[in-house]
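Okay, thanks for coming, everyone.

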Amino acid sequence: MSTFRANYFDGRSSRAHEVEVRRLNAGRIHIGGDGIDRIEQVSALRISPPLARIARTIEFADGARLLVSHHDLLDRWFPSGDRLQRLVDRLERHAHAVAASIVVCLVMGFVTFVWGVPWLSDRIAAQVPERVETALGEEVLGQLDRFFGFAASKVERLRQDELSTRFAGLVAGLADAGHYRLAFRDAPGVGPNALAVPGGTVVVTDQLVELLDDDREFDAVIAHELGHQQHRHALRQTLRSSFVLVIAALFTGDVSSASGIVIAVPAFLLQSHYSRGFEEEADAFAFSTLAAHATSPAWFAAAMRKLDDHYGETGEEDDGPAYLSSHPRSVARIAAAEAAGEAFIAAHPELVRETPGYDPCTGEGNCPDDDEDFDEAEDADEVPEAGSCDRAAIERKKGF
Ligand SMILES: [Zn+2]
């Protein structure tokens, strides 16, 4: 059968004419019925692309048109030259293909959020001018003071100067050394903590200064925070977390909605987690920076342990406030710091005495009462009383 029925509109009135369309030879069709009788070359007609089973329109050069319900003859009479369109048409007619496309969309949505959002956030972060990031950092510092109980430091001026000198030594080798600043804050409600605020400022609390009694531990924490600064982690993580707000601001031009981001930063720095990748990046930066300053990366492990002890870690990351919630305890991270420390000593054996917990008793066999082999205690993080070689002390360390 080579005919189908259609509704014909003459292009001048809205009246529909019921017609029969018949294929003639020489590439022509005949439209006849209800007072209509015309013959046209198929090649002179334009047909709307197929879309599932929606009716299609055939347009004539004089403005007339045919409205045709889905009919297989149409595909034969008007073969599409567009392969993609033919493929799409075929897919749209198959339930399995539709179901598969839904799955593909869901997978793409997942991929977008897992990889696409971080990628795009990083591209946006790279475009944020330094002065904007600095302004954001100042706003964050102000909010820490106003809303999170941060206050002027009570650490003695002389001690602040000592630590500032160490900070300056650590940043001296960096390309943008002038970009970084150390700020002290008293934060009894927050506890020992260090924060890398957008714009280059590293905030340390008085409580952290008090907790870390060896300045090399302070160096280790600072080096880690500088790692966050170097990679602009605060800005990047905030953009990732606030991506919906950012997108909304971009599309609507409504900057006020983006102000929510500024409010989110201090809370994020204190309560949320950096991604594991960011922490590992900051750790790696800390290890190499410490090594470059003739300091064993094992001091980072020592600092982490002190923080763990202070907060009485329960093993549940969300329980601990402050430093441990923003820097969740990780046995793997401490182990990585100690492995980096061992590599450092292998490369600089002359600095072995400068490693945390170095004990001449186990390290050099300088133990008056030594009658046992304590080699296993090499990774100890506390210094036993000189010459004591106390097995109980060693076991305590190993028990961590
Ligand atoms: Zn961190």
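So, of the contacts in the protein chain with a separation of 6 or more, what percentage is between residues 24 or more positions apart? It's 56%, where a contact means two C-beta atoms, placed from the backbone, within 7 Å.

Quick caveats. This is a predicted model: local features need pLDDT of at least 70, side-chain atom pairs count only at pLDDT 80 or more, and totals for chains, interfaces and linings use all residues. Residues are numbered from 1 along each chain as its sequence is written.

The overview: the protein chain has 16 helices and eleven strands. Those are DSSP runs, H or I of at least four residues for helices and E of at least two for strands, numbered from the N terminus. Of the 400 residues, 30% are buried, meaning 20 or more other C-beta atoms, placed from the backbone, within 10 Å of their own.

Now the cores, that is, sets of buried Ala, Val, Leu, Ile, Met, Phe, Trp, Tyr and Cys joined through C-beta atoms within 7 Å. The largest nonpolar core has 50 residues, and the ones touching the most other members are Val197, Val202, Ala220, Val221, Ile222, Phe300 and Ala303. Helix α12, residues 298-311, gives this core its largest share, eight residues. Leaving out residues up to four places away in sequence, Ile222 touches Phe167, Leu170 and Val202. Another core lies apart from that one, with eight residues including Tyr8 and Leu66.

Staying with α12: helix α7, residues 215-230, crosses it at roughly 95°, and their axes come within 8 Å. Axes here are lines fitted to C-alpha atoms over the stretch in contact, with angles from 0 to 180 degrees between N-to-C directions. So α7 is roughly perpendicular to α12, a label for 65 to 115 degrees. On the α7 side, the contact includes Ala220, Val221 and His224, and on the α12 side, Phe300, Ala303 and Lys306 are among the partners.

The other pair is α11, residues 276-292, and α14, residues 331-347, packing at about 25° with axes 11 Å apart. That makes α11 roughly parallel to α14, which covers angles under 35 degrees. In α11, Glu279, Asp283, Phe287 and Ala291 meet Arg333, Ala336, Ala337, Ala340 and Phe344 of α14.

That's the tour, so over to you.

How values were computed
Angles under 35 degrees count as roughly parallel, over 145 as roughly antiparallel, 65 to 115 as roughly perpendicular and the rest as oblique. A residue is buried if 20 or more other C-beta atoms lie within 10 Å of its own, exposed if 12 or fewer, and partly exposed in between; C-beta atoms are placed from the backbone.
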